[in-house]
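Please look over the structure shown here before reading on.

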Amino acid sequence: MSYQNILSEFDNGVTTITINRPKKLNALNRDTIQELHTALTIADEEHETKVIIVTGSGEKAFVAGADISEFSDFDVSQGSRLAAKGQELLFDYIQNLGTPTIAAVNGFALGGGLELAMACHFRVASNNAKMGLPEVSLGVIPGYGGTQRLPQLVGKGRAMEMIMTAGMIDANQALQYGLVNHVKAQEELLDACKEIAQKIMRNSSVAIAKAIEAVNANYTDGVNGFEVEVEAFGACFGTEDFKEGTTAFLEKRKADFPGK
Ligand code: COA
């Protein structure tokens with residue numbers, strides 16, 4: 001598959017998807033969102049991909065937001081469609097992938113860029129990263145889930161302040177807020193994410209997908225997370241991974257999960 005705006009590379013169980021518009025600080029235009037959707041779908045469906053890493057190309061930006069030049073003349077209904085379509089193709093989509101997805105935040109993650117990082121299952125930042133939701137400075141609000149996911153991750157008061165001031169926080173503040181899990185030197189960022197990916201890969205991919213579903217259920221309106229957990233827990237007992245995991249434990253050997 002060839003892309004214009006992203007790169008997708010597979011190595012050792014990990015698909016790394018790089019948003020590749022460095023001259024525009026990797027801003028998310030319509031085509032980039034569509035290509036990300038395609039690359040994520042392919043990676044999620046490939047049995048060999050156990051973890052997806054999403055990052056930005058260059059040393060300056062993860063993603064500096066939605067591409068402002070594409071929506072500056074939109075009207076009310078076009079604005080609503082933009083947000084709904086983006087969430088369907090990318091932001092809600094990535095959150096609900098069964099394949100663990102790590103955002104390697106390698107620079108500016110602003111607006112749609114921070115929203116993309118927040119839609120990933122967790123985040124690791126480089127020490128030069130800067131994060132914020134500057135939309136109100138443009139006369140609009142975060143529309144790719146930012147008003148929902150930021151308070152979930154950092155708490156309501158901090159989210160309100162970040163959104164209202166349109167300001168940026170640095171990587172260490174993001175770490176303190178719980179917005180990112182780790183901060184690394186930029187040159188070590190991808191290796192650090194790949195190291196975490198290797199730890200994830202030792203475990204059952206089927207159980208991990210069920211765990212993602214159950215955790216996400218806690219944040220889904222009208223869904224009882226405990227009920228989803230009971231259902232998902234039970235379903236694990238019917239998998240080959242469960243048989244292998246428990247048998248390997250009892251036989252005092254390392255599990256070799258078939259991922260089924
Ligand atoms: N949409 C479209 N283009 C963007 C963009 C965005 N969100 N963010 C950056 N770019 C483009 C700039 O227009 C510029 O293009 P040009 O060289 O053709 O003029 C290029 O990327 C480089 O950006 P520039 O502003 O010159 O870099 P900088 O180092 O001076 O500033 C930022 C970096 C991130 C502070 C600044 O680009 C910025 O504020 N971007 C917008 C952030 C934002 O509001 N995002 C939310 C959108 S909803």
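Which polar side-chain atom lies 2.5 Å from an oxygen atom of the ligand? In this predicted model, that atom belongs to Lys60. The model's local features need pLDDT of at least 70 and side-chain atom pairs count only at pLDDT 80 or more, while totals for chains, interfaces and linings use all residues. Residues are numbered from 1 along each chain as its sequence is written, and side-chain values use heavy atoms, with hydrogens and water left out.

The polar contacts listed below are pairs of N or O atoms within 3.5 Å.

| Residue | Protein atom | Ligand atom | Distance |
|---|---|---|---|
| Lys23 | polar backbone atom | oxygen | 3.4 Å |
| Lys60 | polar side-chain atom | oxygen | 2.5 Å |
| Ala66 | polar backbone atom | nitrogen | 2.9 Å |

On its own the ligand has 860 Å² of accessible area, of which the protein covers 59% (Shrake-Rupley method with a 1.4 Å probe). Around the ligand there are 16 residues (a heavy atom within 4 Å), and Lys24, Lys60, Ala64, Ala66 and Ile68 come nearest.

The protein chain is divided into domain 1 (6-201) and domain 2 (205-250), with bounds from an automatic or database domain assignment. The contact between them (heavy atoms within 4.5 Å) takes 10 residues from domain 1 and six residues from domain 2. Together the two domains bury about 580 Å², 60% of it on carbon and sulfur atoms, where buried area is the accessible area (1.4 Å probe) lost on being put together, summed over both parts. Gln95, Gly98 and Gln152 supply 53% of the area that domain 1 buries against domain 2, more than any other three residues.

How values were computed
Polar contact = N/O pair within 3.5 Å; in protein donor to acceptor, adjacent residues only side chain to side chain.
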